[in-house]
Amino acid sequence: MEMLEKMNQATLEEKLATGKYVLFFTADWCPDCTFIKPYMPEIEAQFSDYKFLQVDRDENIDLCQELMVMGIPSFIVYEDGKEVDRFVNGDRKTKSEVVDFLAQVN
């Protein structure tokens, strides 16, 4: 999974202008993020039509504020530069919850 560099919302939307993306918001100190990380390769493989980008919340705190991502781990789906759906809150997420979220978006 590619790590997203530090950027603002306008630059992000340019980067995501074409294609299907899942942004995975996380931080090293977050126990709920550590819980879901081992499942991410399987989730990526299951939804291979999306490019997954990991967003370090601490590195991109301004971007998180612009996107109203107040809890992690969180996921936002983009298609051709536009937000399609989001699974954003501060709760621990299981593999099945993330898979169900992405399946209903797809």
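**Close-up views of a predicted model**

**View 1. The side chain of Ser74 and the backbone of Gly71.** From its side chain, Ser74 reaches the backbone oxygen of Gly71 at 2.6 Å. The model shown here is predicted. Ser74 belongs to strand S4, which covers residues 74-79. Ser74 has a relative accessibility of 0%, and it therefore counts as buried, since buried means under 20%.

**View 2. The surroundings of Ser74.** Leaving aside residues up to four places away in sequence, Ser74 touches Leu23, Phe24, Phe25, Val69, Phe87, Val88, Asn89 and Lys93.

**View 3. The aromatic pair of Phe87 and Phe101.** The count of aromatic pairs in the model comes to three. In the pair of Phe87 and Phe101, the ring centres are 5.5 Å apart and the ring planes stand at 40°, so the pair is tilted.

**View 4. Lys93 over the ring of Phe87.** The ring of Phe87 also has a charge over it: the charged end of Lys93 sits 5.2 Å from the ring centre.

**View 5. Lys20 over the face of Tyr50.** Here a lysine and a tyrosine are shown together. Lys20 lies over the face of Tyr50, and the distance to the ring centre is 4.7 Å.

How values were computed: Residues are numbered from 1 along each chain as its sequence is written. This is a predicted model: local features need pLDDT of at least 70, side-chain atom pairs count only at pLDDT 80 or more; totals for chains, interfaces and linings use all residues. Side-chain values use heavy atoms; hydrogens and water are left out. Helices (H or I, at least four residues) and strands (E, at least two) are DSSP runs, numbered from the N terminus. Buried means under 20% relative accessible area, exposed over 50%, partly exposed in between (1.4 Å probe, protein chains only). A polar contact is a pair of N or O atoms within 3.5 Å; within protein, one must be able to donate a hydrogen and the other to accept it, and residues adjacent in sequence count only if both atoms are side-chain atoms. Contact means heavy atoms within 4.5 Å. Rings of Phe, Tyr and Trp (its six-membered ring) pair if their centres lie within 6.5 Å; planes under 30 degrees apart count as stacked, over 60 as edge-to-face and the rest as tilted. A charge sits over a ring if NZ of Lys or CZ of Arg is within 6 Å of the ring centre and within 35 degrees of the ring normal.
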